[in-house]
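Hi everyone, thanks for coming. Let's walk through a few spots together, so please have a look at the screen.

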Amino acid sequence: MPFSSKKERERKEKIFFLRRQEEERIAKMIAGSFNLSYINLLGVPIQIDALSLVPEEIAREGLFAPFSKINNNLQVFCVDPENELLKKTLKELEDKGFRINLFVGSKTSFKKILNAYQKLPPSQKGIVGKIEIRAERLKRIQEEIQNIKDLQDKLEQGRRLPSRDIIEILLASSLKLDASDIHIVPQDKNVRLRYRIDGIMHTIFFFDRSVYNSLLSKIKILSSLKINVHDVAQDGRFSILAEGKEVEVRVSVVPGEYGEDIVMRILNPKMILSIEKIGLHPWLEEVLRYQMSKPNGMILVCGPTGSGKTTTLYACLKEKAKSQLKVITIENPIEYHLKGIAQTQVNPEKGYDFADGLRAALRQDPDVILVGEIRDRATAETAVQAALTGHLVFSTIHTNDAAGAVPRLIEMGVSPNGIASALNLAISQRLVRRLCPYCKKKYTPSPEVLEKIKRNLKDVIKRIPDKFDLENIEIFKAQGCPKCSNIGYKGRIGIFEMFEVSKKIKEIISSIPSTPKMREAAIEEGMITIQQDGLLRVLEGQTSLEEVERITGPLK
């Protein structure tokens with residue numbers, strides 16, 4: 001039996017040796033046919049600095065990678081010299097100033113490269129991809145695409161373009177059309193492209209599935225996602241370099257019925273607005289600035305996802321960063337980068353949550369703190385304590401209105417007396433679409449609608465400095481023209497409600513109020529509701545009555 005086992009082992013070793021010889025012989029033949037040098041990497045050291053120039057996912061897909069770098073001379077290993085991804089990557093490396101020396105070898109040699117990737121430090125493994133859109137190309141695309149119809153025509157003409165060119169068109173047009181998200185969703189027979197513009201989804205185009213497969217691979221490579229994984233959700237990001245500015249794109253890939261759904265969120269820095277530009281009426285802006293001038297306390301911004309809370313908070317931080325104060329943020333994730341501010345990111349998967357981040361931030365001697373979201377007792381109590389001990393704290397909380405912030409904190413287990421002492425201001429907000437200034441149409445609403453508007457604004461008009469004539473109401477509605485892609489709206493504006501914590505409000509908070517009771521007390525103290533603020537925007541001709549009712553509900 002032992003003799004038989006030995007013979008079998010020798011036979012297998014001989015077969016393995018012959019197969020390896022054949023594998024290397026074929027690699028030599030391929031190298032010779034392309035007039036390239038052959039190499040067997042089994043005895044060659046792999047330089048980590050060279051390897052880090054190409055992300056592992058790209059190397060795996062194209063079966064190539066740099067393995068030696070001396071100054072600008074780069075030696076690159078490949079299995080297939082005709083691979084399109086290899087050619088494209090070599091061009092990019094040459095554009096960066098590298099002189100390329102290409103070698104051909106076997107898949108066994110390539111396995112050594114893959115093993116070497118495991119030695120890369122995490123900081124080099126997780127490099128965010130970048131796609132640079134040259135200034136002249138960006139300008140040309142954006143001149144050609146003025147509206148959704150132009151984009152549809154451009155994509156129809158470019159059905160056979162390479163995936164990189166299509167992605168450039170998608171990204172450049174999203175910046176031009178102010179799209180916040182790009183959705184690529186495979187269906188039974190084709191793939192649907194949708195843009196979210198001003199909060200509304202618009203179907204743009206239908207791609208062939210062959211185009212989708214190429215786009216999916218390219219987007220995954222850019223985002224440092226696993227190309228060969230298709231059955232689990234993945235999140236990544238990359239950035240667009242356009243006209244010297246860097247725009248981050250957050251990518252989510254989720255398994256769907258007919259393939260992987262792709263969502264790209266465009267984090268355009270131009271969305272970092274000043275307080276003057278977020279849409280506050282003058283009297284509300286005055287309230288916010290007064291509360292921001294205080295050295296301590298808490299300012300909470302409420303509302304559902306997509307209501308503009310982050311934009312408002314960043315506007316406040318941008319203002320505070322001008323002063324001689326230390327500002328720290330705890331976010332998940334960091335969406336926009338602000339100069340003069342220390343921004344940190346939580347990592348719940350590794351046990352580092354908002355409460356941990358806030359406690360760590362307090363040890364950094366801050367004056368102003370932003371907590372991305374209050375969602376549990378530990379974070380809420382720490383935020384309240386920070387506000388009571390000399391810090392100005394900004395945060396968000398998921399409630400439908402400003403009045404709901406107090407009961408929500410109490411539900412989390414925070415002391416009502418602590419809330420009454422710490423809370424300075426509660427703000428709730430929504431975003432409504434602006435009417436297109438080129439095509440909006442003036443009209444006089446029906447007597448029934450006029451009566452509802454008057455009833456809702458009767459008490460408000462008495463409390464605000466601006467003059468509105470409720471006896472001669474003329475409002476506007478959406479029409480549609482080429483400048484707004486025949487939608488009737490272009491851009492968005494915030495509508496708000498906010499209440500300051502007065503002496504009476506403190507007494508109400510201490511009594512552990514329900515949301516309706518809290519809301520009633522805030523209105524008695526002078527709070528203008530979101531719907532009332534929206535109606536004032538209707539009277540100003542900024543938005544339509546239909547849009548305000550869509551966002552805040554029907555008038556009563």
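In which helix is T312 found? T312 sits in helix 12, residues 309-320; helices here are DSSP runs of H or I with at least four residues, strands are E runs of at least two, and both are numbered from the N terminus.

Before going on: this is a predicted model, where local features need pLDDT of at least 70 and side-chain atom pairs count only at pLDDT 80 or more, while totals for chains, interfaces and linings use all residues. Residues are numbered from 1 along each chain as its sequence is written, and side-chain values use heavy atoms, leaving out hydrogens and water.

Back to T312: its relative accessibility is 2%, so T312 counts as buried (buried is under 20% relative accessible area, exposed over 50%, partly exposed in between, with a 1.4 Å probe and protein chains only). Leaving aside neighbours within four places in sequence, T312 is in contact with I278, V301, Q429 and F496, contact being heavy atoms within 4.5 Å.

Now to helix 18, residues 503-510, whose buried residues are I505, I508 and I509. Those three lie on the same side of helix 18, because they cover an arc of only 100° around the axis; the arc is taken from the directions from the helix axis to the C-beta atoms. They pack against helix 15 (405-411), helix 16 (416-422), strand 20 (489-500) and helix 19 (515-524). What does the face turned away from the buried side carry? That face of helix 18 has the exposed residues K503 and E507. After helix 18 comes I512, with a positive phi near 55°.
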